[in-house]
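Here are some notes to read beside the model. Please keep the sequence and the 3D view open while going through the points.

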Amino acid sequence: MIMTSDYITAADALEISNNDSVIGNIMVEIRKEALKGGKHIIYVIIRESDILLLRELGYRVIEDRKRKDVYSVSWDGNNN
């Protein structure tokens, strides 16, 4: 099997997804949408700590009732 630094094992990917915050990625998406005049994003948020931090920062975070772990993150002035 050929191994390069671009490959990641399934076990490593699972560990990363279970242990790493995605708040940096969420902030990138929020900035992109805000620059376009948007007021919300839809995001899969894995960690409860990310949800709590977003709420502390003034964002409204609502879980989609039909899809597990899918959230709407908004900054429309009617937050929390």
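Which residue stands opposite serine 74 in strand 3? The answer is in point 2, after a word on the basis of these notes.

1. Basis. This is a predicted model, in which local features need pLDDT of at least 70 and side-chain atom pairs count only at pLDDT 80 or more, while totals for chains, interfaces and linings use all residues. Residues are numbered from 1 along each chain as its sequence is written, and side-chain values use heavy atoms, with hydrogens and water left out. Helices (H or I, at least four residues) and strands (E, at least two) are DSSP runs, numbered from the N terminus.

2. Serine 74. Histidine 40 is the residue that stands opposite serine 74. Serine 74 lies in strand 3, and serine 74 is also the bridge partner of arginine 60. With a relative accessible area of 6%, serine 74 is buried; buried means under 20% relative accessible area, exposed over 50%, and partly exposed in between (1.4 Å probe, protein chains only). Glutamate 33 is 41 residues from serine 74 along the chain, and their C-alpha atoms are separated by 10 Å.

3. Strand pairing. Strand 1 and strand 3 pair in the antiparallel sense over 5 bridges. Strand 2 and strand 3 are also antiparallel, over 4 bridges. Two strands count as paired if DSSP finds at least two bridges between them. Isoleucine 62 stands opposite serine 72 in strand 3.

4. The hairpin turn. Strand 2 and strand 3 form a hairpin with 6 residues between them. Aspartate 69 is in the loop between these strands. Its phi is near 65°, a positive value in a residue other than glycine. Most residues other than glycine have a negative phi. Aspartate 69 is partly exposed, with a relative accessible area of 31%.

5. Helix 2. How many residues does helix 2 have? There are 13, and helix 2 reaches 18 Å from its first C-alpha to its last, close to the 18 Å expected at 1.5 Å a residue. The expected span is 1.5 Å times one less than the number of residues. Ile23, Ile26 and Ile30 are buried in helix 2. They cover an arc of only 55° around the axis, so they sit on the same side of helix 2; the arc is that of the directions from the helix axis to the C-beta atoms. An α-helix has 3.6 residues a turn, so residues three or four places apart point the same way. The face turned away from the buried side carries the exposed residues Arg31 and Leu35. After helix 2 comes glycine 37, with a positive phi near 90°.

6. Helix 3. Asp50, Ile51 and Leu54 are the buried residues of helix 3. Seen down the axis, they fall within an arc of 100°, so they line one face of helix 3. Their cover includes helix 2, strand 2 and strand 3. Just after helix 3, glycine 58 has a positive phi of about 100°.

7. The core. A nonpolar core is a set of buried Ala, Val, Leu, Ile, Met, Phe, Trp, Tyr and Cys residues joined through side-chain atoms within 4.5 Å. The largest one here has 14 residues, of which Ile26, Ile30, Ile41, Ile45, Leu54 and Val73 touch the most other members. Helix 2 (23–35), strand 1 (40–44), helix 3 and strand 3 each supply at least two residues, and helix 2 gives the most, with 3 residues. The buried residues of helix 2 pack against strand 1, helix 3 and strand 3. Leaving aside neighbours within four places in sequence, valine 73 is in contact (heavy atoms within 4.5 Å) with residues including Ile30, Ile41, Ile45, Leu54 and Tyr59.

8. The aromatic pair. Rings of Phe, Tyr and Trp (its six-membered ring) pair if their centres lie within 6.5 Å; planes under 30 degrees apart count as stacked, over 60 as edge-to-face and the rest as tilted. By this rule there is 1 aromatic pair. The ring centres of tyrosine 59 and tryptophan 75 are 6.1 Å apart and the planes are at 85°, so the pair is edge-to-face. Tyrosine 59 is in the loop between helix 3 (48–56) and strand 2 (60–63), and tryptophan 75 is in the segment after strand 3 (70–74), 16 residues apart. Tyrosine 59 is buried at 15% relative accessible area, and tryptophan 75 is buried at 18%.
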